[in-house]
Amino acid sequence: MAGIFSHTPINVPQQLFFPLFSLQHRGQESAGIAYRKEHQTVVYRDIGMVSSVLSRYLTEQRSTTTGIGHVRYSTHGGNKVENVQPLHVVCNKGEIAVAHNGNISNTRTLKSMLFEEGSIFQTTSDTELLLHMISRSRARTFYDALVETLQMVEGAFSMVLMHGDSLVAVRDPFGFRPLYIGRKQDMTVVASESCALEILKVTDYRSVEPGEIIVIDRHGQRSDFLPRQPHRRQCVFELIYFARPDSRVFDMSVHEARKRMGASLARADESRIGDIVIPVPDSGTSAALGYADEADLPFDFGLTRNHYAGRSFIMPTTSERELAVRMKLHPVREVIAGKRVILVDDSLVRGTTARILVGLVKDAGAAEVHLRLSSPEIRWPCFFGIDIPTRSELISNHLTPEEIAATIGADSVRFLSLDLLRDSVQPPTDYCYACFSGRYPVDVPLTAEELMAGSRRDTAAAGTRGDSP
Ligand code: SF4
C-alpha cells in the first residue's frame, strides 16, 4: 500500500508503480491505483501482479498531485475482482478512495448492523465497511466522519485515503501493521515498508505513529491522534516472515531482527548437532545466518529458489504439491550430500511444505535433517491481516515437536520459544504474539469449534483477551 502527494504536479501514477513493485511480497493476487485527473478520481485495478496490471503507467504521462495504490492478498473477502483495491466511492462527503492493509476484527457485527439498516455492499471486503460508515456519519465534514468511523472499528488498519486532492494516512491505535511517511523535495510518500520509500530515494522518513491520522494537502501536512491505547500491539510476524529483509518496520531492521531470532534459536539448541546450516530462502535466510554465526557452523545455500515461481500453488494431490515446491526450491546436491543439515525456516503452519522440503534435502544425500524454526509454534488464527489457517489445520495444535519430526521425516524439530522471541524485539511489550499465545489484544470472533480445535495442547488462558503473551 502506498500514497503520494506532490505540491508540484508530477507523474504520480508512474511514481506509484515503484513503491508498489517493492511491496509485491505483501500481496500477489491483485494490484491497483487511484489518482486525480482534472478534479476527478481515476481508478485502475485488476487481478495480477504489479508488473502486469500497472506497467502501462511506466510509459504514459499523467501529471497530477495525488494518488494511492495497493497490492492485495486476501485474508478477508476472497480474491474477487470487486475486492481489488483501492475502493472508490462518490458520496455525501465527497469523492473518496481507500487502500487498506490489515483486517477489521469487528466487521461481522458492524456489517450486519448496516445491512439490517439497508446498506448495499458491492464487495465482500472489510474495507468497504469504512466507506459506508464515513458516508452514513452525521458528522459534517469528511475528516470528522473519518475520525468517528475509525473510533468504531477494531483491529488492524493501516490505510491511505484520497479525499479530493488530499492524501490521508492512518495507522490504528495498536499499530498492528507498519506504515511509513517520508519526504523528498515537494513530494510526500506513504508506504507500508521503508523499502518502498527508498526505491524513490526518499531517505528522510519516519514511522506513522499508532493512532496517528496525517492529512497532506496544498496547505501542508498536519497530524492528529485517535484515543491512545496503553500498549502498542505491533505484529511480530512482520519481523519473522512478512516484511522484506531490507526494510525497516516498527523502527527496526527486519534482517537484524531475524538474525537475532536465529542466534537465540542456536543458543537454546542444546542438541549441538549439525555440520552445516542451510536456509529455506528467502524468509529463512537471515535467521539461518544468525544461527550459523552463533553455533559457529558453516552457512551455505543448499536450496536454490526460483524467483519466477511466485506463490506456492494449491495443488490437490501430494505428488502435484511436491512438484509445486520443487518448482520453487531445489537442492544443491554438492552442498548437502553426506552432511548433517540444520535446515532453518521462519515458521511451520500445516507442515505440508516442510515434509516435502525435508524429503528433497534427504534425497539430495543429507545424512540427517534437523529442522529449526525461528518462530514459536503457531497455534491460533490471526484476525489482524495475516492469512493463518484454522486451528484444526495448524500442525502444532495436534502434534508435539517430536511427533512433527516423525511426521515430516526430519531427525529433529525445534522452535524458538515465545520468551526468546520476545527478547529478539524491542521493546517486547509493544508486540502482538496472539497466533502463538492465543491471547488477543482485542475481542475476536473465535467460534467454540475453533477454541476446541487445539484443546489437546492448550493452556487455560489461551483464546481469551489478554494483554500479555
Ligand atoms: S496474531 Fe500473529 S500474525 Fe496476527 S497480528 Fe498478532 S502476531 Fe501478527
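**Entry 1: before starting**

I am working with a predicted model.

**Entry 2: the seven-stranded sheet**

I looked up the strand order and found 7 strands in an open sheet, running E3-E2-E4-E1-E10-E9-E11. The pairing in this sheet is antiparallel. Which strands stand at the edges? I noted strand E3 (40–47) and strand E11 (204–207). Each of these has a single partner strand, so one side of each is left without a neighbour in the sheet. I also wrote down the twist, which averages 15 degrees from one strand to the next.

**Entry 3: strand E1 and its two partners**

Next I followed E1, residues 2–11, on both of its sides. Toward strand E4 (residues 63–72), I found 6 bridges, with the two strands running antiparallel. I picked out two places along this pairing. Ile4 stands opposite Gly67 of E4, and Asn11 stands opposite Ser63 of E4.

Toward E10, I found 5 bridges, and E1 and E10 again run antiparallel. Here I looked up Gly3, whose bridge partner in E10 is Val190.

A reminder to myself: strands of a sheet pair through backbone hydrogen bonds, either parallel or antiparallel.

**Entry 4: a helix across this sheet**

Which strands does helix H1 lie across? I traced H1 (residues 12–22) and found that it lies across E1, strand E2 (30–37), E4 and strand E10 (187–191). Its direction is at about 150 degrees to E1.

**Entry 5: the six-stranded sheet**

I then turned to another open sheet, this one of 6 strands in the order E5-E6-E7-E8-E12-E13. Its pairing is antiparallel. Strand E5 (87–91) and strand E13 (220–225) are the edge strands, and each pairs on one side only. Neighbouring strands here are turned by 20 degrees against each other on average, direction ignored.

**Entry 6: helices H4 and H5**

H4 lies across E5, E6 and strand E7 (158–163), running at about 15 degrees to E5. H5 lies across E6, E7, strand E8 (166–171), strand E12 (212–217) and E13, and runs at about 160 degrees to E12.

How do H4 and H5 pack against each other? H4 (residues 127–136) and H5 (residues 142–150) pack at an angle of about 125 degrees, with their axes 8 Å apart. That makes H4 oblique to H5, and their crossing is right-handed. From H4, the contact uses Leu130, Met133 and Ile134; from H5, Phe142, Ala145, Leu146 and Thr149. By class, I noted 6 nonpolar residues, 1 polar and no charged.

**Entry 7: helices H8 and H9**

H8 brings residues including His255, Arg258 and Lys259 to the contact, while H9 brings residues including Tyr291, Asp293 and Glu294. The contact of H8 with H9 has 7 nonpolar, 4 polar and 5 charged residues.

Technical notes. Residues are numbered from 1 along each chain as its sequence is written. This is a predicted model: local features need pLDDT of at least 70, side-chain atom pairs count only at pLDDT 80 or more; totals for chains, interfaces and linings use all residues. Side-chain values use heavy atoms; hydrogens and water are left out. Axes are lines fitted to C-alpha atoms, for helices over the stretch in contact, and angles run from 0 to 180 degrees between N-to-C directions. Helices (H or I, at least four residues) and strands (E, at least two) are DSSP runs, numbered from the N terminus. Angles under 35 degrees count as roughly parallel, over 145 as roughly antiparallel, 65 to 115 as roughly perpendicular and the rest as oblique. A crossing is left-handed if the near helix is turned anticlockwise from the far one by less than a right angle, and right-handed if clockwise. Contact means heavy atoms within 4.5 Å. Ala, Val, Leu, Ile, Met, Phe, Trp, Tyr, Cys and Pro count as nonpolar, Asp, Glu, Lys and Arg as charged, and the others, Gly among them, as polar. Two strands pair if DSSP finds at least two bridges between them.
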